[in-house]
Amino acid sequence: RDYKVTGVQTCALPILIEVESTVQTAQCHRCGRTIDRFHGFDRPIRLRHLPVFGRAVLIEIRPKRYRCPSCEGGPTSTQRCAWYEPNRPHTRAFEQDVLKRLVHGTVADISGQCDLGVKAVEGIMNHHVAPGVDWSGFTGLDTLGIDEVALLKGHGAYVAVVWARDAEGHNHVLAVLPDRLQATVQAFLEAIPAPLKATVNWVCIDRWAGYAGAVAAALPHARIVVDRFHVAVQYRAAFDDLRQAECQRLNATRPPERAVPTAELRPLLRREWRSLNLDQQGRGVELFDLTPTLASAYVLRTLLTAIFDHSPDRATAQAQLQHWTEQVKAAGLICFDKFINTLHNWEDGILNYFEGWHNRGFVEGLNNKLKLLKRRCFGLDDPIELFRRLWLDIEGPRLWA
């Protein structure tokens with residue numbers, strides 16, 4: 001301890017504790033030497049401290065001043081104690097407590113809990129949380145994930161969020177960029193320090209050419225992984241379109257009482273065959289008997305999912321995807337033509353998935369945190385503010401566990 005209690009006043013709220021520093025030296029603000037020639041006391045200052053038994057606590061201290069005999073003119077310097085910062089109205093412990101409360105909380109809630117103004121809470125957060133990433137806290141990045149998030153309703157307020165997962169499996173937020181343009185993303189990636197750039201092995205993205213171009217230009221050694229989820233969405237949507245078209249064709253020539261129950265079959269056909277019970281499988285067989293084209297598409301869709309689930313390596317997956325493409329052409333199906341074009345255009349990124357089974361699962365999970373944060377705060381449209389709050393929610397539990 002570098003102070004002693006000299007008095008306590010409890011007759012009125014809040015509790016006032018008078019303290020005096022027990023350290024007998026200071027550091028000269030001009031030459032940096034340790035000085036011990038006592039000069040006097042500075043004016044008293046009061047600092048907000050952690051509450052006691054539900055009552056607010058103020059600490060009053062008169063900082064000591066010491067004179068430097070080595071500098072010309074003998075300037076005096078004020079002693080600095082480790083438990084508070086100069087020109088701050090709170091102790092370090094109190095501000096750390098406010099930051100802990102802000103993790104998964106809101107500024108308005110913490111303002112009410114701590115009896116602080118909203119601006120005061122925001123000031124504490126802005127003082128301790130940097131507006132951008134601090135690269136000195138990283139030893140390696142390993143996997144990056146890039147995705148866009150809409151801050152407002154509609155499609156005109158997108159920001160790009162860059163996430164990272166290190167070799168230990170810890171997630172980090174690196175940036176909330178003001179837009180999702182290739183030039184903006186590329187400029188950020190190029191600003192990563194060279195030692196950290198060398199540790200980036202994988203970059204997980206969706207099928208967005210701007211992100212792919214930015215990564216190829218800024219991180220040429222990193223391998224781009226096209227997220228499996230976005231690939232699956234496209235080929236499953238192709239089957240859904242065919243199902244809808246086939247059911248409409250069948251119902252166009254059938255009386256209403258014998259119409260194919262499209263609404264009932266939709267959720268069944270979106271599931272895998274092994275997950276259906278015997279009754280559900282029987283209803284699927286009845287539909288497939290009426291439309292062999294849909295049956296072939298269902299089998300091929302299932303085969304494609306099995307390739308992504310069970311292919312052991314890149315070479316095997318490439319051969320299996322090529323064989324699957326030939327089966328589609330042999331069956332005369334055109335519903336998968338758009339997906340086959342995607343396979344051709346994004347072949348390298350899709351096949352990179354099979355090298356390490358990397359995907360954007362951690363990105364989607366962190367995006368959910370971001371969306372929850374927006375709802376909790378009734379909207380956040382400032383990228384810097386959003387970065388600070390994300391940093392607190394993600395790094396806070398590790399810092400103050």
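Visitor: What makes the span of helix H10 close to the expected one?

Guide: In this predicted model, helix H10 covers residues 292-310, which is 19 residues, and reaches 27 Å from its first C-alpha to its last. The expected span is 1.5 Å times one less than the number of residues. At 1.5 Å a residue, 27 Å is expected for H10, and the computed reach is close to that value.

Visitor: What covers the buried residues of H10?

Guide: The cover includes helix H7 (228-252), helix H8 (262-269) and helix H9 (278-290). It also includes helix H11 (314-331), helix H12 (337-345) and helix H13 (347-356).

Visitor: Why is Val-285 called partly exposed?

Guide: Val-285, placed in helix H9, has a relative accessible area of 37%. Buried requires under 20% and exposed over 50%; Val-285, at 37%, is therefore partly exposed. Ala-295 is itself one of the buried residues of H10.

Visitor: Why is H8 described as roughly perpendicular to H9?

Guide: The axes of H8 and H9 cross at roughly 110 degrees and come within 11 Å. Angles of 65 to 115 degrees count as roughly perpendicular, so H8 is roughly perpendicular to H9. Their crossing is left-handed.

Visitor: Which residues of H8 and H9 meet?

Guide: From H8 come Glu-264, Leu-265, Leu-268 and Leu-269, and from H9 Gln-280, Arg-283, Leu-287 and Phe-288. This contact divides into 5 nonpolar, 1 polar and 2 charged residues.

Visitor: Why are H4 and H6 called roughly parallel?

Guide: Helix H4 (residues 182-190) packs against helix H6 (residues 209-218) at an angle of about 30 degrees, and their axes are 8 Å apart. Angles under 35 degrees count as roughly parallel, and H4 and H6 are therefore roughly parallel to each other. The crossing of H4 past H6 is right-handed.

Visitor: Which residues make the contact of H4 with H6?

Guide: H4 contributes Gln-182, Val-185, Gln-186, Leu-189 and Glu-190. The residues from H6 include Ala-209, Gly-210, Tyr-211 and Gly-213. By class, the contact of H4 with H6 holds 8 nonpolar, 4 polar and 1 charged residues.

Conventions:
Residues are numbered from 1 along each chain as its sequence is written. This is a predicted model: local features need pLDDT of at least 70, side-chain atom pairs count only at pLDDT 80 or more; totals for chains, interfaces and linings use all residues. Side-chain values use heavy atoms; hydrogens and water are left out. Axes are lines fitted to C-alpha atoms, for helices over the stretch in contact, and angles run from 0 to 180 degrees between N-to-C directions. Helices (H or I, at least four residues) and strands (E, at least two) are DSSP runs, numbered from the N terminus. Angles under 35 degrees count as roughly parallel, over 145 as roughly antiparallel, 65 to 115 as roughly perpendicular and the rest as oblique. A crossing is left-handed if the near helix is turned anticlockwise from the far one by less than a right angle, and right-handed if clockwise. Contact means heavy atoms within 4.5 Å. Ala, Val, Leu, Ile, Met, Phe, Trp, Tyr, Cys and Pro count as nonpolar, Asp, Glu, Lys and Arg as charged, and the others, Gly among them, as polar. Buried means under 20% relative accessible area, exposed over 50%, partly exposed in between (1.4 Å probe, protein chains only).
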